[in-house]
Amino acid sequence: MKPFDLVIRNARCATAADVFDADIGIRDGRIAALGQGLAAGREEVDAAGRWVLPGGIDGHCHLDQPMSDGSKMADDFLTGTRSAACGGTTTVIPFACQLKGQSLRAAVEDYHRRAEGKAAIDYAFHMIVSDPTPQVLAEELPALIAEGYSSFKIYMTYDDLKLADRQIIDVLAVARDAGAMVMMHAENTDCIAWLTERLLKAGRRAPRYHAAARPMLVEREATHRAISYAELVDVPILIVHVSGREAVEQIRWAQGQGLRIYAETCPQYLFLTAEDLGSDDDFHGAKCICSPPPRDKANQQVIWDGLESGVFQVFSSDHAPFRFAGPDGKQVAGADASFDQVPNGIPGLETRLALLFSHGVLGGRLDICRFVALTSTNVAKMYGLYPRKGSIAVGADADLVIWDTGVERVIRNADLHHAVDYTPYEGLRVDAWPALTLARGRAVWRDGAYLGEAGRGEFLRCALPTPAQPKPRVEDPA
Ligand code: URP
Ligand code: ZN
Ligand code: ZN
């Protein structure tokens, strides 16, 4: 037997299910053995006293996604995966976005070209379905799901992406038949349009009015509607980027009914509030424009409670990287553009894990196994990458992170590795940061240095995430 390429000694391992002490023997990019006193490896790392966790999987991030408003995402697969690796993430799942009028397959092919030769860590694709033509519904979507693109996102708002209600039902039915996972952006588009019009007529143009145009009822109503359609069609869905109490109440109700409604939340709903959108004469608040918007402190607590109690299965970054300065980011419509002209989304790939580890695990709110479940294992299961990804087990990819705790670090954009010119978390304290990130057994981040290699990341085909369908709750007349 060949010697191990690397042995991590004295690891305090945590998975979504267990905590155990072991040496980890790595060979050919995989975990080859777990045990005490493993034979010597060609290289050895001592992890004594430190947590060793599965690498993070960011199941919701946007990289080099074509935009229809003239803006451009700052991060491509090179800078995005570099940033992810430095923050302990070893797999990303960004979106191959279908533009209206474009075939879904063309969108997927275009996205492969964008990723080719650039990624430093492994990646899979979700699709975004914005134009569910008969051809897409009958042929392209089922075929692509079967080929390893087993999840897709649909939008209930944004003019260039949103689906009408009947279209939502139709795509959910395709997902049910094909066994795909559907991610839903739940905000009521007509309420937003009505409120936006009134705010602009009243001269309320500053970034802070973005939050006024998208109050919680907008999210609550759409969340309930999404749940109802999922129940009607009898298909599991994931409500993404849940921001606060009213949507959480709908989700908790649905889960209590036994419906397969899953939920995702993101750092912005734990660490930002609507106050970060600034004052009337301050365009800097545009940095924190994302949808749904950050709420208030009481809602942050509701999100923490939901992470702790199991309402949420997934914690993603929703990294949507637009520069603040320059003509193609937040200021694409000018430095004094009204809030509705500002590209939505904020960066967060690199800071996602450290923020949750520090304020969740070390803050005494989450146990370590739930942290692993939320940031890695559940994501792998939901999108059909488990058990290759998201675990510490013999045969799994050696995607591992050794964590330093007690580091007392302050987040500074200057220290991050994305291509965005700000972080909304500037100045926030974290007490944990990866000391070593291994992607398929190779160090991509070690003691403060990026060691990744563009093109080493592989495309991952996702298996079907959904188990056999139980009996429908609403009788299918067909
Ligand atoms: O504001 C956000 N969340 N922008 C990114 C796109 C999306 O809806 O996830
Ligand atoms: Zn969204
Ligand atoms: Zn997103």
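**View 1. Residue N299 in helix α10.** N299 belongs to helix α10, residues 297–309 (helices, H or I of at least four residues, and strands, E of at least two, are DSSP runs numbered from the N terminus). N299 is buried, its relative accessible area being 6% (buried means under 20% relative accessible area, exposed over 50% and partly exposed in between, with a 1.4 Å probe and protein chains only). Its side chain is joined to that of D296 by a polar contact of 2.8 Å (a pair of N or O atoms within 3.5 Å; within protein, one must be able to donate a hydrogen and the other to accept it, and residues adjacent in sequence count only if both atoms are side-chain atoms). When residues up to four places away in sequence are not counted, N299 touches M216, S243, G244 and R245 (contact means heavy atoms within 4.5 Å).

The model is predicted: local features need pLDDT of at least 70 and side-chain atom pairs count only at pLDDT 80 or more, whereas totals for chains, interfaces and linings use all residues. Residues are numbered from 1 along each chain as its sequence is written, chains are lettered from A and ligands numbered from 1 in the order in which they are written, and side-chain values use heavy atoms, with hydrogens and water left out.

**View 2. The zinc ion (ligand 2) and its donors.** K153 (NZ), H185 (ND1) and H241 (NE2) coordinate the zinc ion (ligand 2) at 2.1 Å (donors are N, O and S atoms within 2.8 Å of the metal, or 3.2 Å for Na, K and Ca; water is not among the atoms, so sites may look incomplete). The spacing of these donor residues in sequence is K-x31-H-x55-H. Because K153 lies in strand β11 (residues 151–155) and H185 in strand β12 (residues 181–185), the pair ties together parts that are 32 residues apart in sequence. Both K153 and H185 are buried.

**View 3. The zinc ion (ligand 3) and its donors.** The zinc ion (ligand 3) is coordinated at 2.0 Å by H60 (NE2), H62 (NE2) and D318 (OD). Its site is tetrahedral, with angles of 89 to 122° among its four donor atoms (four donors count as tetrahedral if all angles lie between 85 and 135 degrees). The zinc ion (ligand 3) and the zinc ion (ligand 2) are separated by 4.1 Å. H62 and D318 are both buried.

**View 4. The surroundings of ligand 1.** Ligand 1 is surrounded by 13 residues, of which K153, H185, C290, S291 and D318 are the closest (a residue is near a molecule or strand if one of its heavy atoms lies within 4 Å of it). An N or O atom in the side chain of K153 is 2.8 Å from an oxygen atom of ligand 1. For the side chain of D318, an N or O atom is 2.7 Å from a nitrogen atom of the ligand. A polar backbone atom of N344 is 3.3 Å from a nitrogen atom of ligand 1.

**View 5. The largest nonpolar core around I237.** This core has 111 residues, and F152, I237 and L307 touch the most other members (a nonpolar core is a set of buried Ala, Val, Leu, Ile, Met, Phe, Trp, Tyr and Cys residues joined through side-chain atoms within 4.5 Å). Beyond its neighbours within four places in sequence, I237 has contacts that include L172, M181, V182 and Y262.

Note on methods
Tetrahedral: all angles 85-135°; square planar, octahedral: opposite > 155°, others 65-115°.
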